[in-house]
Amino acid sequence: MTGRVTFVGAGPGAADLITLRGARRIAEADVVVWAPSVVEAECVREHARPDAELLDLSRVPESEVLDLYRRASASGLRVVRLHAGDPALWGGLREQHETCRKLGLETEVVPGVSAVSAAGASIGRELTGSEVAQSLVLTAPEGDEHLAGFAAHGATMAISASGARTGRVVERLREGGYPDDTPVVVAYKVSLPDETVARTTLGGLEACVKEHKLYRTTLFLVGEALKEPATRRTPIGDEPVRRSRPSKWAMRASRDSASVAAWSAVHDWQETARARRAAPAKARPGDDEPAPAPEAAEPAPAASPAEPEPKATVAAAKRKSTGVQASAVQTNAVQAGAAPRRAAKKSAAARARRAKSAD
């Protein structure tokens with residue numbers, strides 16, 4: 001069996017924001033590679049098999065991960081490497097993907113919910129408003145030297161950078177033409193219980209970062225599309241409010257907690273995937289456990305009654321039987337008609353012999 005490495009986008013942080021396919025691949029995995037600094041432990045505990053091997057990227061060098069890929073290729077292991085957010089964004093996917101292909105491993109990439117999408121959802125704003133900015137620029141932590149050129153386009157920007165370099169980011173954005181009143185959203189650990197999502201402006205960005213003590217990699221959303229709308233209450237009037245009928249899923253969710261209701265939908269296939277991968281894992285070469293003794297041969301089952309023949313065979317046999325019966329009926333009819341004639345001939349011959357003997 002060929003080994004496989006799947007690069008899974010773990011989402012922005014919350015364990016239930018991973019995709020169903022990503023959760024399934026983790027449930028099937030023999031080895032899960034992850035970094036606790038960017039992927040929550042709950043995401044691994046929720047989906048991984050109890051006997052799966054967990055490899056912490058923060059405690060091992062990249063050379064050990066390469067050895068794992070070689071072992072996966074030799075032993076047919078299923079490996080999942082978790083990426084924060086989406087593997088296609090700031091994840092170093094290309095180099096890992098090419099390494100696995102060179103080792104003859106099957107590869108798969110499962111997309112995930114990015115922190116950019118989660119931050120936009122958190123504030124309830126569209127990042128590419130048609131009236132303000134129809135483009136979104138994504139910049140990596142190492143791309144702040146190009147910020148001035150990107151800012152000149154006036155598009156919405158998503159900047160992933162260290163909070164300690166906020167002053168440099170502000171400088172570059174001002175050089176590109178953003179005024180100090182440009183709206184900025186600061187997002188850190190978005191979707192997690194201890195998330196930080198703050199609204200500010202370009203002029204107050206440094207003070208906001210210091211206030212929340214954000215020194216690690218933080219996401220900054222910049223642009224006019226993030227401007228808060230003017231709050232104005234619209235009167236409803238006398239028209240009655242129609243309530244939608246609750247669906248079966250909604251009623252189930254109201255009975256249970258949100259997490260239980262959500263994961264109960266995928267619990268069955270997760271357990272099936274875990275059991276299917278756990279069964280051959282014990283017989284894999286290189287394990288320390290001794291091979292189990294062969295089981296005694298079971299007695300052959302008693303002969304079962306003959307199974308019904310296929311319809312086509314039954315139909316042919318029926319036609320054949322009907323033909324034979326018809327032939328037998330015709331033969332009997334011919335014999336029945338010929339019997340009186342033979343009896344009459346015999347009777348006439350007997351009378352002739354008697355008359356002759358009388359003479």
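**Entry 1: helix 4**

I began on the outward side of helix 4, where R94, E95, R101 and K102 are exposed (over 50% relative accessible area; buried is under 20%, partly exposed in between; 1.4 Å probe, protein chains only). The model is a predicted one: I read local features only at pLDDT of at least 70 and side-chain atom pairs only at pLDDT 80 or more, while totals for chains, interfaces and linings use all residues. Residues are numbered from 1 along each chain as its sequence is written, and side-chain values use heavy atoms, with hydrogens and water left out.

Which residues of helix 4 are buried? In this helix, residues 93-102, I found L93, Q96 and C100 buried. They lie on the same side of helix 4, because they cover an arc of only 75 degrees around the axis. The arc is taken from the directions that run from the helix axis to the C-beta atoms. An α-helix has 3.6 residues a turn, so residues three or four places apart point the same way.

Next I looked up what the buried residues of helix 4 pack against: strand 1 (4-9), helix 3 (62-75), strand 4 (78-83) and strand 5. Contact here means heavy atoms within 4.5 Å. Helices (H or I, at least four residues) and strands (E, at least two) are DSSP runs, numbered from the N terminus. Just after helix 4, G104 takes a positive phi of about 80 degrees.

Two strands pair if DSSP finds at least two bridges between them. Axes are lines fitted to C-alpha atoms, for helices over the stretch in contact, and angles run from 0 to 180 degrees between N-to-C directions.

Strand 2 (residues 31-34) pairs with strand 3 in the parallel sense over 4 bridges. V31 stands opposite E53 in strand 3.

**Entry 2: whole chain and confidence**

I counted 12 helices and 10 strands in the chain. Of its 359 residues, 35% count as buried.

I checked pLDDT, the predictor's confidence in each residue, from 0 to 100. The chain has a mean of 76, and 65% of its residues reach 70 or more. Over residues 255-259 the pLDDT is below 50, and beyond near neighbours in sequence this stretch has 1 contact in the model. Where pLDDT is low, the predicted coordinates should not be read in detail.
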